[in-house]
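Thank you all for making the time this morning.

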Amino acid sequence: MRVAVAKGEFMNRRNFLSGGLRGSLLLTLGGVLGAVTGKAKARNTVWQIDPWKCTMCGRCATECVLELSAVKCVHTFDMCGYCQLCTGYFEPDPNKLNTAAENQLCPTGALVRSFIEDPYYEYTINEPLCVGCAKCVKGCTMFGNGSLHLQIRHDRCLNCNECSIARACPADAIHRMPADHPYQFKSRERKT
Amino acid sequence: MAQVVAQRFPPPQFTETSHVLPVPTEPAVRALGLEDLDLVVLIAALALVSWLVLRKRSRRGVVAVGIFSVLYFGFWRKGCVCSIGSIQNFAQALSDSSMGLPLVVLVFGLAPLLFALFFGRAFCAGVCPHGVLQDLVLLKPVKVPAWLDHSLRLLAWIYLGLAVVFAVTGGGYIICQYDPFVPIFRLSGSLTMVLLGVSFLLAGVFVGRPYCRFLCPYGALLGVAASVSKWRVRITPDTCTQCRLCEEACPFGVINKSSVNAPAPPRVHDKRRLLVLLVLLPVLVAGGFGLGGLAGGALARKHRTVNLAERIQLEEAGTVTGTTDASNAFRAGTDSVDSLYAQARAVQHRYSVAARWCGAWIGLVMGLKLLSLAIIRRRPDYEADQARCLSCARCYRSCPQELQRLGLPVPEPPKATNG
C-alpha cells in the first residue's frame, strides 16, 4: 500500500515536470520555426552551374552522387557558328572531318553532328549518352564561340541538401537558384 | 549590365534552307514534386509507427514500416534530404538571413521532434532509413558497458556542435559529407565512405545501432524531446511485477532497472558529489571556451576560401611550383589577391568565434552528463529510458503479461536471486 502511494506521488511530480518541459520545448520549436520562416525566403531553390565561372575541369562527370551525372552539356544554338571544323566536336588535328569515332572529342559519342547547308553543321547533344565530362565544352570555349556549356539537368538532379559537385568544384561555380528559374544558359549578351 | 561576349565565329547565314535555330530545352524540376511526396510519406510514417509502437505494440509492424522507409527514403530517394542533415540548414538559416530554408527541410527538421515530444522516438524506430538499416543487421547484440555507453553518447553532442560550427561558417555540411549510409543507399561513393558505411553495418551486427546511439546528432536532440514525451514505451501492458524477464530484452541497453528492491543509496555522499559537479560545470564551460579558440584555426583550413588563400600565398611566395584547378580558376576571375586574403581572414575570424562557443558547448554537455549520472532516480517499474529508447518494440514480448495479453505461452520466471 505504501509503495502504491509513494509511486503515485512521484509519478505526479514527474508528470508535472515533464509536462512543463514539454511545453517549453514546444515553445522552443515554435520559436525556431518563427525565426526561420521569418528570415528565410519561402522560395524553393535548386542547384545550377554558372557557365561563365565553369573551368571545365571534368569533376562534374565524377562527383555527382548519381552514377550518370545530372550535369549534361547543353547548346546555346544562337551563339554557335555552325562551324564545319567544330573544335568541340573534333579532336585536335582530326584525320578527316567526318563522324568517325577516332575523330571525335566526345568519349561517348553524345555530340551529334548534322549537316544543314554548306558550310554549316548543327551540333546537338544526345543527352542520355552525355556524361558531363566537359571535353567538348573545353574545345568549344577555348577555340570557338563557347556555345557548348554545362548545366545541371533538373529532370535528373536529386537536389541534394549539399551538392557534392559544388563541394568539389574548384571554381565555386555551382550555386543555388530559384526553382522557378532553374537554368542559367549562356547567351551572346553576358549579364554581369 | 550586359556586355557582348567576343565571338570568334559569326552566326550562320542560311541561304539554301530556312533552318530555324533550336533553343536549349529546359526539363522541369523533378525533385520538387518528389519532395512534396516525401513530406506526406514522412508524416504518415511517423504517425503509423507511433501508433504501432504505443497502441498496437507490434514489433512486426514497426519492422514492416521500417523496411518501407529504407526502400523509400533510402534506396529510392537516396537518403537526402534527411532530418539529421537538416540541423545544418537550420543552423545556417538562423545565422545567415540571406539563406533560404526550403519547406521540405523545415518539415524534416521539425516533424520528428514534434512527434518525439508526444510519442517518443518513432522516427528512429521505423522512419529514419539510417536507423532502420542498422536495426535490420543487428543479429547478435552484445552489451556495451554502462561507462562506455555514457561516454560514447557524448560524441553525438560533440558532433552536433562541430556540425553547427561548419554550417554557420560556410564550411559545408559535415554530417552529409561523412554520412556512412548514404553511399550504401546510392550504391556509389568514395571508397573511404563506402568502407566506413560497411564497417558501421558490420559493427552493427553486434553493437546495436552504433551510429544512432553514439554519433547521430539528431538522435541526441530527439532524445531530449522524447525524455518529456507525453506517451511512452511501457514494457508491460499492465503493472510491473518485477519479474525481471525484460532485463536483457533491450539490445541497446536502455532498460532502467526498478529501484523497488534496490537498497537506498547513501545520500550524504551523493549531495557532496552533486555540489562538486555543480561547481565543475562552469569550469568545464570556461575551459572549453578557451580551448575552442585553439581549434578554430585548424577547423578553418577546411574552408574553401582559406584553403585557396593558403595555396595562392604559397604560389605567390614561390614555395610551390605549378597551380591547382582552384588557383587557376581564381586567377582567371576578377578578384584581387588582397581581397582573397581579406576574405580568408574574415572566415578565420568566424571560425575562431564559432569554435570557442563549440568548445563551451562541449564543456557544458560533459558537465551536464556528469550531473545527470550523479542524480539517482527512484523507479517503481522496469522501464525503457525515455530519452534513449528507440521505440523498436523489441522488449514488449519479454514481458509475461504481454504474452498473456496476446494469448501466447508464458515462460517460467527465473528463480529469485539476491541483488
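Predicted model: local features only at pLDDT ≥ 70, side-chain atom pairs only at ≥ 80, totals over all residues.

Residues are numbered from 1 along each chain as its sequence is written, and chains are lettered from A and ligands numbered from 1 in the order in which they are written.

Chain B, to begin with, has a secondary structure of 17 helices and 3 strands, where helices (H or I, at least four residues) and strands (E, at least two) are DSSP runs numbered from the N terminus. Its C-alpha atoms fill a box of roughly 95 × 60 × 35 Å along the principal axes. Of the 419 residues in chain B, 42% are buried; a residue is buried if 20 or more other C-beta atoms lie within 10 Å of its own, exposed if 12 or fewer, and partly exposed in between, with C-beta atoms placed from the backbone. If we take the contacts in chain B with a separation of 6 or more, 81% of them join residues 24 or more positions apart, a contact being two residues whose C-beta atoms, placed from the backbone, lie within 7 Å.

Now to the place where the chains meet. How many residues does each chain bring to the contact? Chain A brings 59 residues and chain B brings 62. On the side of chain B that touches chain A, at least two residues come from each of β1 (2–4), α1 (30–56), α3 (83–95), α4 (103–119) and α15 (325–332) of chain B. That side of chain B holds 40 nonpolar, 12 polar and 10 charged residues, where Ala, Val, Leu, Ile, Met, Phe, Trp, Tyr, Cys and Pro count as nonpolar, Asp, Glu, Lys and Arg as charged, and the others, Gly among them, as polar.

A second pair in chain B is α7(B), residues 146–168, and α12(B), residues 217–226, whose axes come within 8 Å and cross at roughly 115°. These helices, too, are therefore roughly perpendicular to each other. On the α7(B) side, A156(B), W157(B), Y159(B), L160(B) and A163(B) meet P217(B), G219(B) and A220(B) in α12(B), and the contact has 7 nonpolar residues, 1 polar and no charged.

Which residues have the most contacts inside the largest nonpolar core? That core has 156 residues, and the ones in question are C136(A), V49(B), A122(B), F123(B), V165(B) and L222(B); a nonpolar core is a set of buried Ala, Val, Leu, Ile, Met, Phe, Trp, Tyr and Cys residues joined through C-beta atoms within 7 Å. Helix α16(B), residues 337–374, gives the most to this core, with 11 residues. Beyond its neighbours within four places in sequence, V165(B) is in contact with L299(B), A354(B), A355(B) and C358(B).

C136(A) is one of the buried residues of α3(A), a helix spanning residues 135–143 that is mostly covered, with 7 of its 9 residues buried. The cover over those buried residues includes β2 (71–75), β3 (111–117) and β5 (148–152) of chain A.

Finally, the backbone. The peptide bond from D118(A) to P119(A) is cis, with omega near 0°, and P119(A) sits in the loop between β3 and β4 (120–125) of chain A. The bond from C80(B) to V81(B) is also cis, with omega near 5°, and V81(B) belongs to the loop between α2 (59–76) and α3 of chain B.

Note on methods. Axes fitted to C-alpha atoms, helices over the stretch in contact; angles between N-to-C directions. Parallel < 35°, antiparallel > 145°, perpendicular 65-115°, else oblique.
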